[in-house]
Amino acid sequence: MDKKVSVVIPAFNEEKSIIHVINTVKKVKSITEIIVVDDGSTDNTYNLVSDCDDVILLKHLTNKGKGSAMKTGLKKVTNDIVLFLDADLSEINQYQIESIIQPILDGEADITKTKFKREAGRVTELTAKPLLQFFFPELNFDQPLSGQFASIKSFLDHIDLEHDYGVDIGIVLDADARGMRIQEVDIGNIVHEMSTLKELNIMANEVVRTIVDRAISYGRLTMVDDLGNAIRMEIMGLSIITFGIFGLFFIKYMGPLVSAITILIGLVISIYYLYKIIKMSVKVYNQTKIPTKQIIKSFIHMHFPVVISIIIILAIVASLLGSVSISSNEISLEPTTKNLVISTVSQPRSTVDVRGPYTIESALENEPHLLRLSNSALNTLNAQYGDYIYIGESRYQLEQVVNNENDIIRIPESARTELNLKLDQVIRDSDLRSVFEKCYITHNIHKDEIANIEADGNETKLGVINKTTVNIFSQILTDSHPSKKLNVYVNDTKVAQSVGIIENGTYVIAINNETVKNLRLNDSSIGLVYNSTYQSTSVKVIFEETGVNSTNLFVRDPSLNHFLNINF
């Protein structure tokens, strides 16, 4: 089906050229409707057009402006494509008119505008182009103010046409904001009646007003002012966060508290201004109904350097953090130096640790069987002070650091040799478990039952009536796996608990270092697994689901002695 075109010709005192324009238009086969709007002419324009056949003639009693005349003509258009032509084109030809509408007829464009083989006018060079470059840098037309253009009518029906000379640039800006396909067509030489300086002044004012109005409507002025300021504040917030993270890991005297406060301030600023950016962007979108693609395109054109700055800041933060690992019970963020670990479950240890790196040093004098390490390293190994670690054939007790040596692990020479460690070697927190992989740990848990006991006749005082020690034997793994919680009850009082991994196999329970039970357990074992009485003392062992992962494996090999020993 052939597409039909309507032409609208606004005319104001154009008796010299109007008939030539009409006769030329009639030669174009695809144009089936010609509408001339006499915009309050005081010469013979109206009478000349009224004598033309097949022309719809409309008249304004007073001069209302080019845009108003175009709006009046558009109301009478019945075809799907509209061509607007100036009435003063005294030498326009059929080929030039066909060149304007052909891209739309071929489905290659929604809007076509023209450029001519002559230098751009003074209004274009001194007002339109500088303003467009500032507010709409994505537009790159040689002659943005050319008055001859065509468009699909469905687009024109959804925009407000300016009433004056700003109508042409207004249509172009509206089309760009809505993502319409715009094509600039070179139609060669044309002859335009030269405007007076007074007329150019009026035209320039109307063009400037239109561009600025569109810049406000489409958020371009907002981007320079409110939104631009919000974006700059967002960058400042991200920069503060970056500084806080940098200080946490690299500035010795900044400390976790100051770093945390700095990061919190940056987060508050970033979240607040991100909210403002989104709110203002949504407001622009709701007011103008601009497609999301066009909003993003517009934003990038206006704030490309700012966007790059934000990307760089985020890249710096990512580089500082280095790697992120998430398990069911903690989030670990590790940069090149320290490791930030955020616990996601309730536990007695600190929920936020800054761990490592650790430097290997020799044991203190007269401490051949003590391994001293910081609380953060202890947490990474899922151990406690007073536990024993088995390295090779020897047993070493885990003890606290001295003299605030929180980044030092003191290991006896025999243990260093077994682990293939060297003095002054630096170990990242994430590598600590692999250093001690397959070493065994005995968790030593002490529970004293306190009660009133008789002393010195009738007097009583608090004292220990029952001392219980629970030893839990586990192996250090590199990777975490789903775990179970081990609960030990003596006389219905919980005396110990520990979290570890259960594998299919035999688990040995001992009381006072004597084997009392060989349990067959698997990774689905749950509930009461041991319930007995030993020398009038009741002992219960219960496993519970934890929903978290662990890196400690309960020892199940009977040749390695018991996995659980209760002494009382």
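A disulfide is a pair of cysteine sulfur atoms within 2.5 Å. I started with that definition and searched this predicted model for such pairs. The structure holds 0 disulfides. I then looked up two cysteines. C52 is buried, at 16% relative accessible area. C439 is buried too, with a relative accessibility of 7%.

**Helix α1**

Next I turned to helix α1, residues 18–26. Which of its residues are buried? I found I18, V21, I22, T24 and V25. Looking down the axis of α1, I saw these buried residues fall within an arc of 165°, so they line one face of the helix. The general rule is that an α-helix has 3.6 residues a turn, so residues three or four places apart point the same way. I also checked what covers the buried residues of α1. The cover includes strands β1 (5–11) and β2 (31–39), along with helices α2 (45–50) and α4 (94–105).

**Salt bridges**

How many salt bridges does the structure hold? I noted 16. I went through three of them.

I took D168 and K66 to begin with. Their closest N and O atoms are 3.0 Å apart. D168 sits in helix α7 (residues 167–177) and K66 in helix α3 (residues 66–74), so the pair ties together parts 102 residues apart in sequence. Are these two residues buried or exposed? D168 is buried, at 6% relative accessible area. K66 counts as buried as well, at 15%.

Then I looked at R214 and E162. Their side chains meet in a salt bridge, 2.7 Å from N to O. This pair links distant parts of the chain, 52 residues apart. R214 belongs to helix α8 (residues 197–217), while E162 is in the loop between α6 (153–156) and α7. Both R214 and E162 are buried. I also found R214 and E162 in a network of salt bridges that includes D164, D174, R209 and D213.

My last pair was K540 and D492, with the closest N and O atoms 3.3 Å apart. K540 lies in strand β24 (residues 537–554) and D492 in the loop between β19 (460–490) and β20 (493–500), so the pair ties together parts 48 residues apart in sequence. K540 is partly exposed, at 26% relative accessibility. D492 is exposed, at 55%.

**A surface patch**

I finished on the surface. Which residues form a nonpolar patch there? I noted F243, F246, F250 and I251, with about 350 Å² of accessible area together. F246 lies in helix α10 (residues 226–250). At 40% relative accessibility, F246 counts as partly exposed.

Key: Residues are numbered from 1 along each chain as its sequence is written. This is a predicted model: local features need pLDDT of at least 70, side-chain atom pairs count only at pLDDT 80 or more; totals for chains, interfaces and linings use all residues. Side-chain values use heavy atoms; hydrogens and water are left out. Buried means under 20% relative accessible area, exposed over 50%, partly exposed in between (1.4 Å probe, protein chains only). Patches are made of residues with over 30% relative accessible area and no salt bridge: like charges are joined within 9 Å, nonpolar side chains (Val, Leu, Ile, Met, Phe, Trp, Tyr) within 5 Å. Accessible areas come from the Shrake-Rupley method with a 1.4 Å probe; for residues, only the protein chains shown count as cover. A salt bridge is a side-chain nitrogen of Lys or Arg within 4 Å of a carboxyl oxygen of Asp or Glu. Helices (H or I, at least four residues) and strands (E, at least two) are DSSP runs, numbered from the N terminus. The arc is that of the directions from the helix axis to the C-beta atoms. Contact means heavy atoms within 4.5 Å.
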